Amino acid sequence: METLDKFDWAILNELQTNGRLTNAELAQRVGLSAAPCWRRVRALEESGVIKGYRAEIDRQKVGLDVLAFVRLDAERNRGDITRQLEEAILKIPEVVSCHYISGTGTFELQVVSKDLNTFSQFARDVLINLPNVKDLHTSFSLGEVKAAGALPLLSVVK
């Protein structure tokens, strides 16, 4: 997919608000007929602009009361060693987000856990023992102000 037009942007905006819209509902909201709307959604999916669909789950209602931000400092930042660390992080379900960062530290993780004791055990048993980890620094969320993953698409559209 080369460039996005106003219909593509409208489709993306609607789907990130409600990914369960039927194609007919989506087509009506963006001002297209059903067939062209369906083709555009498929093209957006195939090009990777739309990466997938998922349910948004309230972590606290399922017993994941702790959200921790963990900065991992690597011993060395060499390509092969960093890739080993990345591969190890990808396998950990408690890590819900991982970013390679600039400044102090190598990676910034978002980690969910049942409670502080469970997180503490996880940090001692798993995080500090990841390959090439020199140190970790943790901050805890005291409350979420905004956690929606919707992108500000209207700021991109010209």
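**View 1. A salt bridge between the side chains of R29 and E14 in the predicted model.** In this predicted model, the side chains of R29 and E14 meet in a salt bridge, with a nitrogen-to-oxygen separation of 3.2 Å. R29 belongs to helix α2, which covers residues 23-30, while E14 belongs to helix α1, so the pair ties together parts that lie 15 residues apart in sequence. Side chains of opposite charge can pair when their charged atoms come close.

View 2. The closest N and O atoms of R40 and D8 are 3.0 Å apart, and the two residues form a salt bridge. Because R40 lies in helix α3 (residues 34-46) and D8 in helix α1 (residues 6-17), this pair ties together parts that are 32 residues apart in sequence. Are the two partners buried or partly exposed? R40 has a relative accessible area of 21% and is partly exposed, whereas D8, with a relative accessibility of 3%, counts as buried.

View 3. Elsewhere, salt bridges that share partners join D5, D8 and R40 into one network, and the count of salt bridges comes to six.

**View 4. The contact of helix α1 with helix α3.** Two packed helices are described by the angle between their axes and the distance between the axes. The axes of α1 and α3 come within 10 Å and cross at roughly 80°; since angles of 65 to 115 degrees count as roughly perpendicular, the two helices are therefore described as roughly perpendicular to each other. Which residues make the contact? On the α1 side they are F7, D8, I11, L12 and L15, and on the α3 side they are C37, R40, V41 and L44. The residues of this contact divide into seven nonpolar, no polar and two charged.

**View 5. T106 in the loop between strands β2 and β3.** T106 is found in the loop that lies between β2 (95-100) and β3 (107-113). Although T106 is a loop residue, its relative accessibility is 3%, and T106 counts as buried. When residues up to four places away in sequence are not counted, T106 touches L72, D73, A74, N77, H99, Y100 and I101.

**View 6. The whole protein, as a setting for the close-up views.** The protein has five helices and four strands, which follow the pattern α-α-α-β-α-β-β-α-β when read along the sequence. Its radius of gyration is 20 Å, well over the 15 Å that the globule rule gives for 158 residues, so the protein is more spread out than a compact globule. Taken along the principal axes, the C-alpha atoms of the protein fill a box of roughly 55 × 40 × 25 Å. Of its 158 residues, 29% count as buried. Among contacts between residues at least 6 apart in sequence, 63% join residues that are at least 24 apart.

Key: Residues are numbered from 1 along each chain as its sequence is written. This is a predicted model: local features need pLDDT of at least 70, side-chain atom pairs count only at pLDDT 80 or more; totals for chains, interfaces and linings use all residues. Side-chain values use heavy atoms; hydrogens and water are left out. A salt bridge is a side-chain nitrogen of Lys or Arg within 4 Å of a carboxyl oxygen of Asp or Glu. Buried means under 20% relative accessible area, exposed over 50%, partly exposed in between (1.4 Å probe, protein chains only). Axes are lines fitted to C-alpha atoms, for helices over the stretch in contact, and angles run from 0 to 180 degrees between N-to-C directions. Angles under 35 degrees count as roughly parallel, over 145 as roughly antiparallel, 65 to 115 as roughly perpendicular and the rest as oblique. Contact means heavy atoms within 4.5 Å. Ala, Val, Leu, Ile, Met, Phe, Trp, Tyr, Cys and Pro count as nonpolar, Asp, Glu, Lys and Arg as charged, and the others, Gly among them, as polar. The radius of gyration is taken over C-alpha atoms; the globule rule is 2.2 Å times the number of residues to the power 0.38.
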